[in-house]
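I go through it one topic at a time and write down what I find.

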Amino acid sequence: MEKVLEVKGLSKQYTKVLAADNIQFDIGKGEIFALIGPNGAGKTTTIRMISTLLIPTAGDAIVGEHSVVKEPDKVRECITYLPDEAGAYKNMTGIKYLRFMAGLFYSDIDSVNKCVERAKEICGLGERLNEKIGSYSRGMIRKLLLARAVMTKPKLAILDEPTSGLDVLNAIEIRKTIKKLAKEEGMSFLLSSHNMLEIEFVSDRVGIIAKGHLMVTGAIDELKQRYNAANLEEVFERVVLENEVH
């Protein structure tokens with residue numbers, strides 16, 4: 001399988017805290033990989049290093065053959081990053097927001113139009129796109145932001161808590177959209193979420209991180225068998241508790 005992301009010994013040392021230590025994993029083309037762990041485990045630090053928002057203390061990550069350390073600008077052309085706290089301009093209509101964002105990536109009108117049409121199809125908001133974003137529900141805003149994030153067809157989409165705060169139906173829609181983009185378009189995803197049900201439904205593989213260390217990676221069924229667990233939540237609990245003991 002073609003590798004879209006290779007994380008090679010990524011580490012981040014703050015003054016007195018080693019937030020991430022020798023993190024290593026990879027993501028293949030069209031694969032959905034979830035990075036999960038307790039609060040303060042190092043997930044966000046790792047994601048921000050891969051997203052070029054933080055400079056690693058050691059190690060590297062290669063995205064589409066480009067180094068986050070040596071070629072961060074090239075990496076940014078290959079990825080999209082949707083943080084949990086992302087927002088949109090409330091005084092803009094949905095369609096104007098999509099056009100504005102597409103215009104940051106493309107200078108010719110044809111490319112902008114194609115990008116916007118793709119986003120319209122992905123978000124499924126229809127005529128509501130002509131209304132101001134300030135009138136949208138949280139679910140609608142998240143759909144709009146996801147569409148904005150993937151409308152440029154990035155090699156790797158990095159999504160932090162993609163369905164945080166959404167009701168069940170909106171969350172299911174977003175999960176289905178992610179799976180469809182991976183399966184039909186070969187888009188790769190790096191997800192972070194505290195929702196184990198969501199991760200189990202949407203992900204091909206997971207990595208469990210605790211205290212800055214990536215403890216285990218693997219396919220969900222394989223991990224459930226390895227830890228004699230009924231579900232991913234039990235796997236997560238046993239891996240994290242093992243780390244506490246050691």
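Predicted model: local features only at pLDDT ≥ 70, side-chain atom pairs only at ≥ 80, totals over all residues.

**Entry 1**

I started with Arg-128, which forms a salt bridge with Glu-131. The closest N and O atoms of Arg-128 and Glu-131 are 2.7 Å apart. Then I looked up how open the two partners are. Arg-128 has a relative accessible area of 30%, so I call Arg-128 partly exposed. Glu-131 comes to 33%, so Glu-131 is partly exposed as well.

I reminded myself of the general idea. Side chains of opposite charge can pair when their charged atoms come close.

**Entry 1: a bridge between two helices**

How far apart are the closest N and O atoms of Glu-173 and Lys-143? I found 3.2 Å for this salt bridge. Glu-173 sits in helix H6 and Lys-143 in helix H5 (residues 138-150), so the pair ties together parts that are 30 residues apart in sequence.

Is Lys-143 buried or exposed? Its relative accessible area is 13%, and buried means under 20%, so Lys-143 is buried. Glu-173 has 42%, so I put Glu-173 down as partly exposed.

Next I looked at Asp-26 and Arg-205. Their side chains meet in a salt bridge, at 3.4 Å from N to O. Asp-26 belongs to strand S2 (residues 18-28) and Arg-205 to strand S9 (residues 205-210), so this pair links parts 179 residues apart in sequence. Asp-26 is partly exposed because its relative accessibility is 26%.

How many salt bridges are there by this rule? The count is 13.

**Entry 2: the open sheet**

I turned to the strands. In what order do the 6 strands of the open sheet come? I read S6-S7-S8-S3-S9-S10, with mixed pairing. Strand S6 (79-82) and strand S10 (213-219) are the edge strands, and each pairs on one side only. On average, neighbouring strands of this sheet are turned by 15° against each other, direction ignored.

Strands of a sheet pair through backbone hydrogen bonds, either parallel or antiparallel.

S9 and S10 pair in the antiparallel sense, over 6 bridges. Ile-208 has Val-216 in S10 as its bridge partner.

Which strands does H5 lie across? I found S6, S7 and strand S8 (188-192). H5 runs at about 165° to S6.

**Entry 5**

I followed another set of pairings. Strand S1 (residues 3-13) and strand S4 (residues 58-63) run antiparallel and are joined by 5 bridges. Glu-6 stands opposite Ile-62 in S4.

S4 is also joined to strand S5 (residues 66-67), by 2 bridges, and these strands run antiparallel. Ile-62 stands opposite Ser-67 in S5.

S4 and S5 form a hairpin with 2 residues between them. I looked at the turn. Gly-64 there has a positive phi of about 55°.

**Entry 3: two serines in loops**

Where is Ser-164? I found Ser-164 in the loop between strand S7 (156-160) and helix H6 (168-185). Its relative accessibility is 24%, so Ser-164 counts as partly exposed. I left aside the neighbours within four places in sequence. Ser-164 is then in contact with Asp-84 and Arg-138. I also checked Arg-148. Ser-164 and Arg-148 are 16 residues apart in sequence and 17 Å apart in space, C-alpha to C-alpha.

Ser-203 lies in the loop between helix H7 (196-202) and S9. Ser-203 has a relative accessible area of 10%, so Ser-203 is buried. I left aside the neighbours within four places again. Ser-203 is in contact with Ile-32, Ala-34, Leu-191 and Ile-220.

**Entry 4: a nonpolar patch**

Which residues form the nonpolar patch on the surface? I listed Tyr-89, Phe-100, Leu-104 and Phe-105. Together they have about 440 Å² of accessible area. I picked out Phe-100, which lies in helix H3 (residues 94-105). Phe-100 has a relative accessible area of 36%, so Phe-100 is partly exposed.

Terms used:
Residues numbered from 1 in each chain as written. Heavy atoms only, no water. Helix = DSSP H or I, 4+ residues; strand = E, 2+ residues; numbered from the N terminus. Buried < 20%, exposed > 50% of the residue type's maximum accessible area, 1.4 Å probe, protein only. Contact = heavy atoms within 4.5 Å. Salt bridge = Lys/Arg side-chain N within 4 Å of Asp/Glu carboxyl O. Patch = residues over 30% accessible without salt bridge, like charges linked within 9 Å, V, L, I, M, F, W, Y side chains within 5 Å. Areas by Shrake-Rupley, 256 points an atom, 1.4 Å probe, with all protein chains shown as cover. Pairing = 2+ DSSP bridges. Axes fitted to C-alpha atoms, helices over the stretch in contact; angles between N-to-C directions.
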